[in-house]
Amino acid sequence: KVYTDYFFDEPAYNTHDGGFVPLEEPKTPQQKLKVPELLEPDRETDTDMYYTVIAQTGEVQLLPGEKTKTWGYNTNLLGKTILFKKGKMIHITLKNELPELTTFHWHGLNVPGPVTDGGCHAPVYPGKSTQIEFKCDQPAATLWLHAHPCPSTAQHVWKGLATAVVVKDDTEAKLPFPRNYGVDDIPLILQDRRFHEDNQWDYMADYDPDGVQGPTPMINGTINPYFDVTTQKLRLRILDGANRREWRLHFSDDLKFTQIASDGGTLPEPVDFTHLMLTCAERAEIIVDFGNYQPGDVVTLFCDDVPIVHFRIHAFKRDDRQLPDHLADIPDPDVTPDAPVHKVVMSGMDEEVEMNGKKFDMQRIDDKQKLGNVEYWDVSNTNDMSNGMVHPYHMHGTQFRVISRNGHAPYPNENGLKDTVGVNPGETVRLKVWFDHLGVYMNHCHIIEHEDGGMMAQFEVYDPDHPKTYKLMDMDTL
Ligand code: C2O
Ligand code: CU
Ligand code: CU
């Protein structure tokens, strides 16, 4: 079966927003797609990996003329791709070379909160560095690192603080997936920007409480990119790294592609599509098969009807290996008997956004879950279908299962592990959630201006036999 629709509710697409900024095809010449380099570990042993991650300022030639001032991790814009091997202890020095405080949030990583997780309670001040360490103990997946200082997460990400994180393990290594990084396995970070005078970005000038957008697609920090395809099959690790934009993706000729992984790793079975919609912070790994094309052909990836990447086909060796019907076993623990069902309500738009009828407060813990329990979280979006929007709901510190949407089966590509799920207006999505670590974590809408605007809460994962207290920052101590 090949799915040909975007699943989400069409009346709630961002294209119907009053403030929607349509993408425009850049008029500047095509440029080679930047594929982020892999970050070199400072040191690696059989059991440990050591990294230094630096948040820094820079400038990049994005358009002809002036360079654009940007921020990035270990590079001028976005970052190098960070590789973790499952089972190893990871030691990271986090260095802040920016003129203001930032945090380093590992989106999708199962690590203790709130400090290792890197949300708003883990500031690294300008000119300072801190250390974190954790065991990488989750399946192979495409995760990401982004800044998370409240309430300026959106601005930091807009300036460029976002990069891909790849977890590898032995199970994924046995599957017939492309995995030659940079050749047939590449991240594809989808963002949009508006260029102002002298090719600069101006977050405040573009500010919109429902999410900042720009008309120019920026893919891996490249404007109007092409990619040279030299293999029949190409694996794209797609991340919606935009502040607000939904990406409705399809290729020229309605070329079919196969999703093999969602946010938290490999899907139980491959899912074939011609069209795929991602909401903010969601990831999809897909394999595209160019077997029916000839050298010299170009296959274009579109968002709605705007071209965003041009794949230039070169000679390749044939690779007609088939994917197995079953890719991976997905953990599906039983819900703990008598556990409470958590309720999360995302409401409002613009400045009125709230979670559970409240604005975010760094000092308030809104919910609790016992470590070891498996519990349902029912997440609702109370917007109206006629003028509401899809809110991408994200939880820190876990990979969850999507159980149902208004009592119906989740979308066919939601049967693996996820950390972000788009919730339609009028919908309640039931999640099954469990944690591996203690801590205070955040849950929020991943339209980043909604998160900064207060559509965010926090919860504690606790152990009744070992109660802990946490040092929670507040806006004034920051
Ligand atoms: Cu992607 Cu609270 O974060
Ligand atoms: Cu996160
Ligand atoms: Cu939202």
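Helices here are DSSP runs of H or I with at least four residues, strands are runs of E with at least two, and both are numbered from the N terminus. By that count, the chain has three helices and 34 strands.

Okay, some housekeeping. This is a predicted model, where local features need pLDDT of at least 70 and side-chain atom pairs count only at pLDDT 80 or more, while totals for chains, interfaces and linings use all residues. Residues are numbered from 1 along each chain as its sequence is written, and chains are lettered from A and ligands numbered from 1 in the order in which they are written.

On confidence: pLDDT is the predictor's own confidence in each residue, from 0 to 100. The chain averages 97, and 99% of the residues score at least 70. For the model, ipTM comes out at 0.99 and pTM at 0.98.

Now the overall build. The C-alpha atoms fill a box of roughly 65 × 55 × 50 Å along the principal axes.

Let's talk contacts. Two residues are in contact if their C-beta atoms, placed from the backbone, lie within 7 Å. Of the contacts with a separation of 6 or more, 78% are between residues 24 or more positions apart.

Next, the domains, whose bounds come from an automatic or database domain assignment. We get domain 1 (2–6 + 177–313), domain 2 (14–169) and domain 3 (342–462). The centres of domains 2 and 3, over C-alpha atoms, sit 23 Å apart. Between them, 20 residues of domain 2 contact 18 residues of domain 3. On the domain 2 side, that's eight nonpolar, nine polar and three charged residues. For those classes, Ala, Val, Leu, Ile, Met, Phe, Trp, Tyr, Cys and Pro are nonpolar, Asp, Glu, Lys and Arg are charged, and the others, Gly among them, are polar.

So what's inside? A residue is buried if 20 or more other C-beta atoms lie within 10 Å of its own, exposed if 12 or fewer, and partly exposed in between, with C-beta atoms placed from the backbone. By that rule, 49% of the 478 residues are buried. A nonpolar core is a set of buried Ala, Val, Leu, Ile, Met, Phe, Trp, Tyr and Cys residues joined through C-beta atoms within 7 Å. The largest one has 114 residues, and V165, I189, L190, I238 and I286 have the most contacts inside it. Strand β12 (residues 162–168) gives the most to this core, five residues. Beyond four places in sequence, I238 touches L188, L190, L278, R283, A284 and I286.

Cis peptide bonds join G113 to P114, with omega about -5°, and C150 to P151, with omega about 0°. P114 is in the loop between β9 (105–107) and β10 (129–135), and P151 in the loop between β11 (141–146) and α1 (153–159).

Two non-glycine residues also have positive phi: N220, at about 50°, and A281, near 80°. Buried or exposed, this N220? Buried, because 22 other C-beta atoms lie within 10 Å. A281 is buried too, with 28.

Last stop, G291, in the loop between β22 (283–289) and β23 (298–303). Leaving aside neighbours within four places in sequence, G291 contacts Q232 and D320.
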